[in-house]
Amino acid sequence: MPLFLLSFLLLLCGAALPLLLWRRPLAAQRSAVCCAVAASAVGLVPVLRVLFTGVPASFSFPWSVPLASFSLLLDPLSALFAVPLLLLTGLAAVYGAGYLAACAGKKPLALAWAAFNLLTASMLLVFSAANAVLFLLGWELMAAASFLLVLFEHEREQARKAGFIYLAAGGTGALLLLGLFLLLGAGAPSMDFSDFRVPSGGAATAAFLLALGGFGLKAGFIPLHVWLPEAHPAAPSHVSAVMSGIMIKTGLYGIIRVLGLLKPWPEWWGWLLLGLGLVSCLGGALFALAQHELKRVLAYSSIENVGIILLALGLGVVAAACGAHQLASLAFAGALLHVFNHALFKGLLFMGAGAVLHGTGTGELEALGGLSKRMPAAAAFFMAGSAAACALPPLNGFAGEFLVYLGALRALNSPGSVALAGVLAGLALAAAGAVAAAAFTRAAGTAFLGEPRTERAAGAHAPGPLMAVPMFLLALLCLLSGLAAPLLLGPLSAAVSAGFGGYYGFAAGLEAMGPFLYISAAALCLLGLIALAAAKRRAFLGGRQPASGVTWDCGYAAPTARMQYGASSFAQPLTDFFQPLLRKLGQYPVISEYFPAKASFSTEAQAVFYNSVYTPAAVRLRDLAYRFSWLQHGRLQLYIMYIVVTLIGLLLWKL
Amino acid sequence: MEIVKPFCQYLAAMTLAPLLPGIVNRVKAFFAGRRGQPVLQLYFDLYKLLNKTPVYSRTATWVFRAGPVAGVSALVMALLLLPFAGRPSFLSFEGDFIFLIYLLGLARFATVLAALDTGSAFEGMGASREMQFAVFAEPAFFLGLAALVRVSGQTSLAGIFGALTPETWRQAAPVLALLTASFFIVLLAENSRVPADDPNTHLELTMIHEVMVLDHSGPDLAYILYGAALKLWLFAALIACMVLPRHSGSWAADAGLFLLVMAGVAAAVGIVESVMARLRLTKVPYMLITAFAFSALALIFQMGR
């Protein structure tokens, strides 16, 4: 535990030092990055120890804040979330040093780095807090720090809009969480999580729904996702990596903790989670396919992956409620493993998108192309991350989804509603996987392959070593954690035990070991086959030099880069098919003459939920609020009177 | 002897797979009243291509070269999981067909990226369509396998097909018939046969799989053609295992019968190709949705039993 506290301390130093050095931006940046990397290295030691031994560590010291105690508890579940947090923030800090170097002098780097380290510290606090007040403190710090980072490019109108939506979503979520903790803590001796009394009946349902709303607004599943595709792309890329990779997981962490507390679960909770997961994973993948901006594609893919995790949780809860505990354990383990895996590959993908933005100055897919020649390493890493996001073996995305599939297949042979849950979960995974594959081949293909579509893309420069090395390490981790999946089962079952109950962890470790050994062997075998096929190809060539020419152009004499299939064309068959859901706006040319002259064509991906659900609701709310505007008139003395009246009222109530 | 059998089975699959397209072509030639190319034509083509020097586009990068290698490796790997005449192959484990589906996904991913790497509008077109059809084919295929899991109570390919007996057909004939139909439609779409795609057309605008590999040549094209043959073998083997539930106890007799049925499936593909026209591109998803509906109906029947 002392090392864990040291890690905290280093992060706080990393937040304070840049502010002290604000006059020298590069020195501020260097100090912050050093602190972040040191904090990660130091923090990983106790966290990994907890994860591998399964023995929780705790720390507590008295604190004068009412109802609060400064008590931290690091159990395997916290540790499972803290490992990707520390890994990703450490690497993202190094990456950020390269990414932001060009902004020195133009942007308040010191503030950005202070916010970055504060964000890391607050997420660490969220994952390890054992007291509700402390947890909420961490939660709000996290929201504030990330808000500052979303507004990093505040001169762009889109970033300001994103920041405002993000603030509103965060505020609403925090309000719901306040209600949740009041409900759980009412009548308890303290606000420590261990002292919470477990509500039953209606109160339990209310607590579950409050948690789902409050934490869900952070996790970003559909329909609570509207802020996510705005805010994640607006932040600098290394922050997007952290936000998508790990910050949305704080919401899932909260949901899992509340589920662990509110046992036994009624079956309909599981169905609710399953339904939300289903909608999010299919919707997220489809919307990802329709986006025109690289980082927005990735943001929607995060929604898809949160959906997959929720789907697994839902399957587990349904199964557990029906008494099928073995397969529930597989689903829970799948959910947690995917939390870890998604953090790695989504971090990698956002860093890859950052390399594109850094090298070309734009993330618009239609303006890119041919970057594989200009930044070969970044292109290879991005494509590896894409393959992992499509859950392709031998990379790590497959392992977590495979566990969920395994649970779904076991469910198929169970009676009644569990079988239905299994079918739905498996089907959603298969369909979302296919759509995600289309979305990622489209993104990687149009950005990195073919010929550059604009001057900007043609003049792109490769990222420096500070940006490339973290990407390489993440890609390596994606491969290794895919190949070494059986080794992850021990820590994983410890985490499942801590989160859902001892039996589930034990069963998950036992049940998944056999298939995991097989898929790991099969993945190694696949790598061997690829190496063999490559070697044979070389042998077939026998030292002959391949000839080079132009791409086959069907005899057309003057091909240009603009004739390539673009991102919109690639997605068009599917987006047209799902147009009733996607509602993209488009302007199509009407050809009426034999020799059509100039024509223009445009499509725009709409934020469907934001435009057709939230905006009308917000307008309604604003109109309602206007009726009470007579209370808000800006006269100070009347405000003071309100306060006095409230205080007197409270006094009378207490008397 | 028991240890040698999987090797023999695997070797048979690897060497006989290029025969299936030959059979398809002969059946088509028969319907058209032509003599047609030799049954072994693909073997000759592969031999010729392996000895040729490839031409690479100046636009293409390493992705273009890696595509065929990854694609054929994924399929060679997938055959390791595939049962032969209802008997297990080398690898058989719980949920192995999920791994198989994702191996097919890997092959598709590699092929599509290699196609986009050329920067050609034609190949982009083919890649886009390939991904579109996969979105409909993959759920249909998964749901069909899920129905088989429910029928047999097993969760590995070898377990599923080992548990299928004539008795299962007697009890659940409608379910298995629907699944056979569904898998056959998926076979046609996944292997780019008529009515989803036409492997013979020379108009790039209407092709899907063929247009994606326009720029490949030499050993790379040989890998792609061989991978396509393996993929056809894979889907045909699943159908053959399903319609051939009898295990006589004699391995040689089973294997012989299985190979006959495989040839039958290839002939059926050829017949479909001869008597049907290619569907309009926008109609192909509906065909795959039909396959999905067949799988779903089969699953519903089985769950209701």
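How many bridges join strand β3 of chain A to β1(B)? There are 3, and the two strands, with β3 covering residues 547-549 of chain A, run parallel. Strands count as paired if DSSP finds at least two bridges between them. In β1(B), B:Tyr56 is the bridge partner of A:Ser548.

Before going on, a word on the model: it is predicted, with local features needing pLDDT of at least 70 and side-chain atom pairs counting only at pLDDT 80 or more, while totals for chains, interfaces and linings use all residues. Residues are numbered from 1 along each chain as its sequence is written, and chains are lettered from A in the order in which they are written.

Now for the rest of the interface. Here 63 residues of chain B are in contact with 64 residues of chain A (C-beta atoms, placed from the backbone, within 7 Å). On the chain B side, β1 (55-57), α4 (62-81), α5 (96-116), α6 (121-152), α10 (218-243) and α12 (284-304) each supply at least two residues; helices (H or I, at least four residues) and strands (E, at least two) are DSSP runs, numbered from the N terminus. The largest share, 18 residues, comes from α6(B).

Over in chain A, look at α12(A) (residues 325-360) and α20(A) (residues 502-541): they pack at an angle of about 85°, with their axes 8 Å apart. Axes are lines fitted to C-alpha atoms over the stretch in contact, and angles run from 0 to 180 degrees between N-to-C directions. That makes α12(A) roughly perpendicular to α20(A) (65 to 115 degrees). Among the residues that meet are A:His325 and A:Phe332 in α12(A), and A:Tyr503 and A:Glu511 in α20(A).

Technical notes:
Two residues are in contact if their C-beta atoms, placed from the backbone, lie within 7 Å. Angles under 35 degrees count as roughly parallel, over 145 as roughly antiparallel, 65 to 115 as roughly perpendicular and the rest as oblique.
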